[in-house]
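Good morning, and thank you for making the time.

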Amino acid sequence: MVEIKNLTYSYPDSRKPALSKVNLDVKPGEFVLIAGLTGSGKSTLCRAINGLIPNFYGGKILGSVSVMGISTLNTKVGELCRHVGFVFQDPEAQLIFEDPVSEIAFGLENLGVEPEQGFKRVEEVMASLRLGHIRDKRISELSGGEKQKIALASVLVMQPEVIVLDEPTSQLDPVSAEDFLLTLKSLNSDLGVAVVLAEHRIERCFHLADRIVILDDGKVVFSGSSDEIAKAGIANVTGLLPPIAKPFIEAGWEKIPFTVREGRIILSLSRLNGVDRDAASGRGASCKEKSSLKIKRKKKKKRTQETNFRKVQVRVENLWHSYGNGVPSLCGINADFYSGDVVAIIGENGSGKTTLVKNIAGLLKPMRGRIFIDGRNIEEMSRKEISALCGMVTQNPEAHLISRNPRMELFLTCEAAGFDEENASRRIHDILVTLGIEAFASKPMEELSCGQRELVAIASVIVRDPDILILDEPTRGLDSSVKEKLAFVLAKRKEQGKTTIVVTHDLEFVAEFSDRVIMLAAGRLVTQGEMREVLSDSIFYTTQYNRCFRGFDDNVVTKKDALKVLRELG
Amino acid sequence: MKIAFKKTESLFHALNPVSQILFCATIFLMPLLNSNPLASLSAIFSVAFLAASSDVFKEWASWWRVCLFMFALTVLVNAAISSNGTSVLLKVSHVPIMGRVMVTAEGIIFGASMGLRILAIIAVFTFATLSIDPDRILSLISPGSSASALLTAMTLRMVPSVARDSKELLEAHVARGIDLESPNCIKRIKMRVPLLKKLTTTFLDRGISIAEAMESRAYGSGPRSRMKRYVYSVYDYGVIFVSVSSFFYISIISALGFNSFYFYPALSLKTRAAGYASFALLVFISIVFFIMSMLWKKSLWLKSKT
């Protein structure tokens with residue numbers, strides 16, 4: 001169906017090939033997952049399949065790509081789209097109209113399909129993707145997941161044999177992402193459409209794929225099933241495996257799960273096989289285990305009491321906010337943020353997480369209630385005073401980057417802060433070394449990878465060394481190597497007694513690096529407390545480890561906890 | 001104060017875009033052809049009824065604070081500048097720059113009338129923006145010029161995206177401590193220029209992404225077909241008939257000078273019965289449409305005729 005032979009491709013003005021001697025076959029009805037770190041060539045490979053490379057981008061190309069026997073190298077993209085549908089990363093950047101029906105019908109109109117036939121196809125696709133309820137809505141009113149479903153419908157309506165998707169869930173929250181991927185899987189199963197899905201956070205789709213292809217630096221380093229990949233150990237090295245698989249591999253277990261369900265089956269079997277089942281089970285624990293659990297709970301209480309004596313860096317009192325549409329986006333929030341804590345704010349999209357941190361950073365004014373930073377009401381503070389104490393990396397790190405290279409970007413912040421040249425140079429050097437971006441500090445910004453750009457954006461704020469650092473979804477689109485650097489920054493700030501507030505959907509990241517968790521829903525504070533208390537009490541808002549070990553050991557929240565239990569079992 | 005198309009379940013929204021445009025054009029014609037303040041008032045009242053019937057009254061009325069400021073400004077400027085008219089209310093022998101100033105009752109009323117005219121025109125456009133789907137207008141003109149229609153559609157979608165991008169950009173830089181509101185003008189410009197550059201780059205990047213997405217969906221691969229066609233309902237025939245008839249009636253009455261109003265040298269109302277009838281007609285049509293809309297909302301049978 002798709003046949004790629006010895007494909008080597010370089011973008012115009014680039015000497016280094018983005019893809020190097022890539023060979024890939026996609027069979028009819030197959031679900032192929034293309035994984036790899038940022039900048040490994042996933043998007044380039046996807047674009048080579050639908051002919052955008054080289055027809056739209058130009059550049060140097062060697063080897064061959066054919067879809068249904070048609071060479072993509074000398075066929076127009078417009079003709080290829082009858083066979084290959086393409087869904088892009090950002091739903092915002094691919095939708096043209098405001099009316100969902102016009103958007104879905106656009107491709108058919110371009111192909112000159114007769115209206116009667118076109119209507120039938122549009123209706124069928126809308127029904128199969130369950131989009132009927134948004135027919136009369138405006139696209140700008142829809143959620144990210146719904147927009148991405150419209151993008152999928154708009155290619156599906158052209159009845160392609162293959163659908164290629166370039167990180168379609170990277171802009172979506174976990175719930176929408178899961179819904180989108182399940183829709184995709186049902187299309188693959190019910191209609192037999194072949195799917196080529198490029199993703200770098202593959203824990204959500206690992207179990208859906210028939211085959212996984214791993215790219216590294218433009219080369220295919222692995223191609224095989226999920227079982228084979230775990231045995232090969234390649235993905236573990238590059239940090240691509242789903243979180244739940246990692247402790248099982250590290251503990252040396254023979255069977256490796258890729259989903260929570262698989263993990264629970266493996267644990268149940270091990271218990272049935274009598275492998276130290278009492279030690280692994282929270283319910284049926286031995287006396288020794290029960291007492292150890294009790295100790296853990298006592299420790300938790302002590303910790304909660306400890307926080308009450310520490311300095312409150314930020315206090316939010318009865319905070320209300322509305323964007324002017326009459327619907328409150330924050331309703332009476334009360335929260336304290338202690339110095340030296342990493343506080344995670346979690347909750348579904350639209351729950352008010354970003355609104356809360358924007359109020360703390362002084363970007364929004366409270367409608368009602370007060371916010372105190374170091375005991376001072378921020379309404380009485382000037383913008384300059386707030387900026388000196390509180391820095392924020394917004395949801396879109398790209399918005400931070402306006403200079404020619406990373407060094408100049410950091411210098412801009414230092415200049416704004418009024419640091420003298422010597423102080424600025426020292427700070428810039430320290431940050432560049434800490435985040436490992438010294439090697440590309442003078443490189444033009446457009447030559448940096450997404451992960452590197454994200455790091456520069458974070459550096460542009462922390463170079464000021466604010467007492468309060470707010471990170472709004474810092475791990476979205478990041479691979480594990482960049483996350484590790486971020487974790488290092490958080491640990492260093494913690495040592496210095498500085499507060500960090502992280503808004504995120506990445507619950508594994510929350511479990512590993514945060515001290516306290518605040519959960520919001522529909523603008524209300526649902527719960528707040530120590531990380532372990534909040535996550536181990538949740539059913540959905542918790543880590544894969546907790547979901548997997550629930551009933552075996554309810555206290556397992558982090559990878560370290562899981563590893564400990566597995567080692568005891570194994 | 002956001003003026004953008006709002007989709008609601010109303011009779012006006014259910015109309016064909018041709019009927020919607022003709023209805024608005026008829027109301028727009030009244031202040032356009034007549035300086036008579038009653039003409040402007042009749043247009044404003046008509047639009048108010050239409051806005052209420054289309055469930056966009058709140059959004060439409062939100063614009064009035066700015067409009068009233070414009071109205072007051074027009075009256076003040078005209079009163080200060082124009083010395084025409086016979087009924088002198090105030091005489092100042094010397095005002096710096098302006099010299100001798102004479103405020104007349106005719107000047108004030110002329111300013112108020114012009115202000116009302118501007119308000120009426122804004123009122124019609126605001127209502128049209130809120131109630132007529134731009135995509136539907138574009139699909140209407142696309143058979144004649146598909147490329148222009150598509151370009152307009154893309155531009156319309158780009159506007160909110162660019163607004164959002166610029167907001168994100170400003171917030172990101174304020175959050176990192178960059179002073180964009182410095183009292184020093186040079187410093188302020190120096191800080192804002194890179195943001196403008198970045199915004200332009202983002203805009204171009206979006207353009208490339210859209211072009212890529214369009215090419216991936218066969219744009220430009222051959223002759224296009226047209227999927228969406230709007231049917232005409234009994235309401236459309238009614239609205240078109242009434243709008244076209246009123247359009248010609250208002251045009252003829254205005255051309256014959258039956259609703260004239262003279263401001264200078266002294267105020268003189270030369271409006272005849274036919275002129276008053278044209279003002280009343282406009283308001284009457286809108287009230288009837290308002291009642292029809294209310295009934296339409298409640299009656300499934302009436303809705304089934306859409």
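Let me begin with a question: is B:Leu195 buried, partly exposed or exposed? Before answering, a word on conventions. This is a predicted model, in which local features need pLDDT of at least 70 and side-chain atom pairs count only at pLDDT 80 or more, while totals for chains, interfaces and linings use all residues. Residues are numbered from 1 along each chain as its sequence is written, and chains are lettered from A and ligands numbered from 1 in the order in which they are written.

To the question, then. A residue is called buried if 20 or more other C-beta atoms lie within 10 Å of its own, exposed if 12 or fewer, and partly exposed in between, with C-beta atoms placed from the backbone. B:Leu195 has 18 other C-beta atoms within 10 Å, so it is partly exposed. This residue belongs to helix 9 (residues 185-215) of chain B; helices here are DSSP runs of H or I with at least four residues, strands are runs of E with at least two, and both are numbered from the N terminus. Contact means that two C-beta atoms, placed from the backbone, lie within 7 Å. Setting aside neighbours within four places in sequence, B:Leu195 is in contact with B:Leu169, B:His173 and, from the other chain, A:Ile402. From B:Leu195 to B:Leu170 the C-alpha distance is 7.8 Å, although 25 residues separate the two in sequence.

Two domains are assigned: domain 1 (11-133 + 231-304) and domain 2 (139-215), with bounds from an automatic or database domain assignment. Their C-alpha centres lie 35 Å apart.

B:Val92 has B:Val101 as its bridge partner. Between the strands are 3 residues, and B:Ile97 adopts a positive phi near 75°. Of the 8 residues of strand 1 of chain B, 0 are buried, so the strand lies largely in the open.

I turn to chain A, which has 23 helices and 20 strands. For its 570 residues a compact globule would have a radius of gyration near 25 Å, and chain A agrees at 25 Å. Buried residues come to 50% of this chain.

Two of its sheets follow. One is an open sheet of 4 strands in the order 12-11-14-15, with antiparallel pairing. Strand 12 (328-338) and strand 15 (376-377) of chain A are at the edges, each with a single partner strand, so one side of each has no neighbour in the sheet. Helix 14 (residues 353-360) of chain A packs on this sheet, touching strand 11 (312-322), strand 12 and strand 14, and makes about 120° with the direction of strand 11 of chain A. Angles run from 0 to 180 degrees between N-to-C directions, using lines fitted to C-alpha atoms, for helices over the stretch in contact.

The other is an open sheet of 6 strands, ordered 6-7-8-3-9-10, with mixed pairing. Its edge strands are strand 6 (84-87) and strand 10 (219-224) of chain A. Strand 9 (residues 211-216) and strand 10 of chain A run antiparallel over 5 bridges, with A:Asp216 partnered by A:Lys219.

Finally, the interior. A nonpolar core is a set of buried Ala, Val, Leu, Ile, Met, Phe, Trp, Tyr and Cys residues joined through C-beta atoms within 7 Å. The largest holds 181 residues, and among those touching the most other members are A:Ile34, A:Val196 and A:Ala459. Its largest share, 7 residues, comes from helix 18 (residues 450-462) of chain A. Apart from this core lies another of 41 residues, including B:Leu29 and B:Phe49.

How values were computed:
Pairing = 2+ DSSP bridges. Rg over C-alpha atoms; globule rule 2.2 N^0.38 Å.
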